[in-house]
Amino acid sequence: VEITKSVPVAVRNAPAGKTFSVYPSVADVAFKCVFPMPSDRTDEVVIYIAYADFAKSRNGRCIAKVSELPSGVIDCEVTPDIFDCIENGG
């Protein structure tokens, strides 16, 4: 079974006083789930950009990461593949 949702893209591990924006701020995620699916736990999945990845990037373009998938979710595909990140302050 495949469930498609729009999921906000979070930021993880930004140092205190540093903020940055991610564009687009929402990803389309196709979740591949077992059938029959006992309950929809796809809302537990977090799509995020790690600050360390942003800091290592040359141009602010980063690949989003996916938090641990809950039971019943086999895999997921995030669209777009790459996000533009811009540091706002600090």
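**Entry 1: strand pairing.** I began with a working rule: two strands pair if DSSP finds at least two bridges between them. I also noted that this is a predicted model. With that rule in hand I looked at Glu2, which stands opposite Lys32 in strand 3. I then checked Ile3 and found Phe31 of strand 3 opposite this residue. Strand 1 (residues 2-12) and strand 3 (residues 26-33) run antiparallel and are joined by 7 bridges.

I followed strand 3 to its pairing with strand 7 (residues 73-79), which is antiparallel too and has 6 bridges. In that pairing, Asp28 stands opposite Thr79.

**Entry 2: the overall layout.** I stepped back to count elements and got 1 helix and 8 strands. Along the sequence they read β-β-β-β-α-β-β-β-β. I wrote down a box of roughly 50 × 25 × 20 Å for the C-alpha atoms, taken along the principal axes.

I looked at contacts between residues at least 6 apart in sequence, and 65% of these join residues at least 24 apart. Of the 90 residues in the protein, 33% are buried.

Entry 3: In what order do the strands of the open sheet come? I read the order as 6-4-1-3-7, which makes 5 strands, with mixed pairing. Strand 6 (65-66) and strand 7 are at the edges with a single partner strand each, so one side of each has no neighbour in the sheet.

**Entry 4: the core.** I turned next to the largest nonpolar core, which has 21 residues. Which of its members touch the most others? My list reads Val29, Phe31, Ile47, Ile49 and Phe83. I asked where the core residues come from, and found at least two from each of strand 1, strand 2, strand 3, strand 4 (47-50), helix 1, strand 7 and strand 8 (82-89). Strand 3 gives the most, with 4 residues. A reminder to myself: nonpolar side chains tend to be buried together in soluble globular proteins.

Leaving aside neighbours within four places in sequence, I found Val29 in contact with Ile3, Thr4, Lys5, Val7, Ile47, Cys76, Glu77 and Val78.

**Entry 5: aromatic rings.** I counted 3 aromatic pairs in the structure. In one of them, the ring centres of Phe20 and Phe54 are 4.7 Å apart and the planes are at 10°; I call the pair stacked because planes under 30 degrees apart count as such. Phe20 belongs to strand 2 (residues 19-23) and Phe54 to helix 1 (residues 51-56), so the pair ties together parts 34 residues apart in sequence. I checked burial as well: Phe20 and Phe54 are both buried.

While on rings, I looked at Tyr48 and found the charged end of Arg12 over its ring, 4.1 Å from the centre.

**Entry 6: Ser21.** The side chain of Ser21 makes a polar contact of 2.7 Å with the side chain of Asn88. Beyond four places in sequence, I listed Asp84, Cys85, Ile86 and Asn88 as the contacts of Ser21.

**Entry 7: backbone details in the loops.** I went looking for cis peptide bonds. One joins Tyr23 and Pro24, with omega about -5°, and Pro24 is in the loop between strand 2 and strand 3. Another joins Phe35 and Pro36, where omega is also about -5°. I placed Pro36 in the loop between strand 3 and strand 4.

My last stop was Asn13, in the loop between strand 1 and strand 2. Its phi is near 65°, a positive value in a residue other than glycine. Asn13 has 68% relative accessibility, so I put this residue down as exposed.

Definitions and conventions
Residues numbered from 1 in each chain as written. Predicted model: local features only at pLDDT ≥ 70, side-chain atom pairs only at ≥ 80, totals over all residues. Heavy atoms only, no water. Phe/Tyr/Trp six-rings, centres within 6.5 Å; stacked < 30°, edge-to-face > 60°. Buried < 20%, exposed > 50% of the residue type's maximum accessible area, 1.4 Å probe, protein only. Lys NZ or Arg CZ within 6 Å of the ring centre and 35° of its normal. Core = buried A, V, L, I, M, F, W, Y, C linked by side-chain atoms within 4.5 Å. Contact = heavy atoms within 4.5 Å. Polar contact = N/O pair within 3.5 Å; in protein donor to acceptor, adjacent residues only side chain to side chain.
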